Amino acid sequence: MKHTYFIFSIFFFSLFTNCGTNKNLQEEAPAQFAQAFYTKTDGEMMFYLPVTAIQKNRVELKNIYFKGLKSPIVHNQDGQNSYTASFGIRQSDYVMSSDPREEYGNKMPQKPEKSPVSIEKDQALLEYQENGETKYYVISNIEERK
């Protein structure tokens with residue numbers, strides 16, 4: 001009797017533990033994406049997500065988690081159907097002065113923010129809303145372009 005109770009409690013515990021780790025992670029993409037990529041410049045990293053098809057009345061892209069950072073993803077109004085996210089990364093040439101006006105151009109680096117789901121270095125986690133429900137999708141094989 002004790003063995004069946006023990007086995008049942010392990011099964012029950014693993015059922016709830018497994019539900020808590022997926023965080024609404026979807027295997028099917030919320031839109032059709034082309035190859036995602038990123039670029040690095042002075043103190044900034046830009047993430048580009050080209051979209052070939054999306055149902056804007058049903059799906060709204062919200063945030064992107066990439067390389068330990070989180071940023072809102074916004075639709076570009078450049079005539080192409082693409083989304084971008086900007087990440088403030090540490091720059092090495094800060095202006096330090098006793099006059100605050102001379103330090104005006106310094107950008108603050110973004111604080112790290114852990115992704116709700118574990119992802120690899122060449123992956124990003126897309127947070128989106130579908131019919132009012134927050135969901136996540138992993139984008140893989142992200143390349144750096146110069």
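In which sense do strand 5 and strand 6 pair, and over how many bridges? The legends below take this up first, using a predicted model.

**View 1. Strand 5 meets strand 6.** Strand 5 covers residues 59-66. Strand 5 pairs with strand 6 in the antiparallel sense. The pairing runs over 4 bridges. Across it, Asn63 stands opposite Pro72 of strand 6.

**View 2. A patch of positive charge on the surface.** Four lysines gather here: Lys40, Lys67, Lys121 and Lys146. Lys40 has its place in strand 3, which spans residues 37-41.

**View 3. Asn76 in a loop.** The loop lies between strand 7 (74-75) and strand 8 (82-88). Asn76 is buried, because its relative accessible area is 18%, and buried means under 20%.

**View 4. Asn76 and Tyr48.** How far apart are Asn76 and Tyr48 in sequence and in space? In sequence, 28 residues separate Asn76 from Tyr48. In space, the two are 9.9 Å apart, C-alpha to C-alpha.

Key. Residues are numbered from 1 along each chain as its sequence is written. This is a predicted model: local features need pLDDT of at least 70, side-chain atom pairs count only at pLDDT 80 or more; totals for chains, interfaces and linings use all residues. Side-chain values use heavy atoms; hydrogens and water are left out. Two strands pair if DSSP finds at least two bridges between them. Helices (H or I, at least four residues) and strands (E, at least two) are DSSP runs, numbered from the N terminus. Patches are made of residues with over 30% relative accessible area and no salt bridge: like charges are joined within 9 Å, nonpolar side chains (Val, Leu, Ile, Met, Phe, Trp, Tyr) within 5 Å. Accessible areas come from the Shrake-Rupley method with a 1.4 Å probe; for residues, only the protein chains shown count as cover. A salt bridge is a side-chain nitrogen of Lys or Arg within 4 Å of a carboxyl oxygen of Asp or Glu. Lys and Arg count as positive and Asp and Glu as negative; His and the chain ends are not counted. The place of a charge is taken as NZ of Lys, CZ of Arg, CG of Asp or CD of Glu. Buried means under 20% relative accessible area, exposed over 50%, partly exposed in between (1.4 Å probe, protein chains only).
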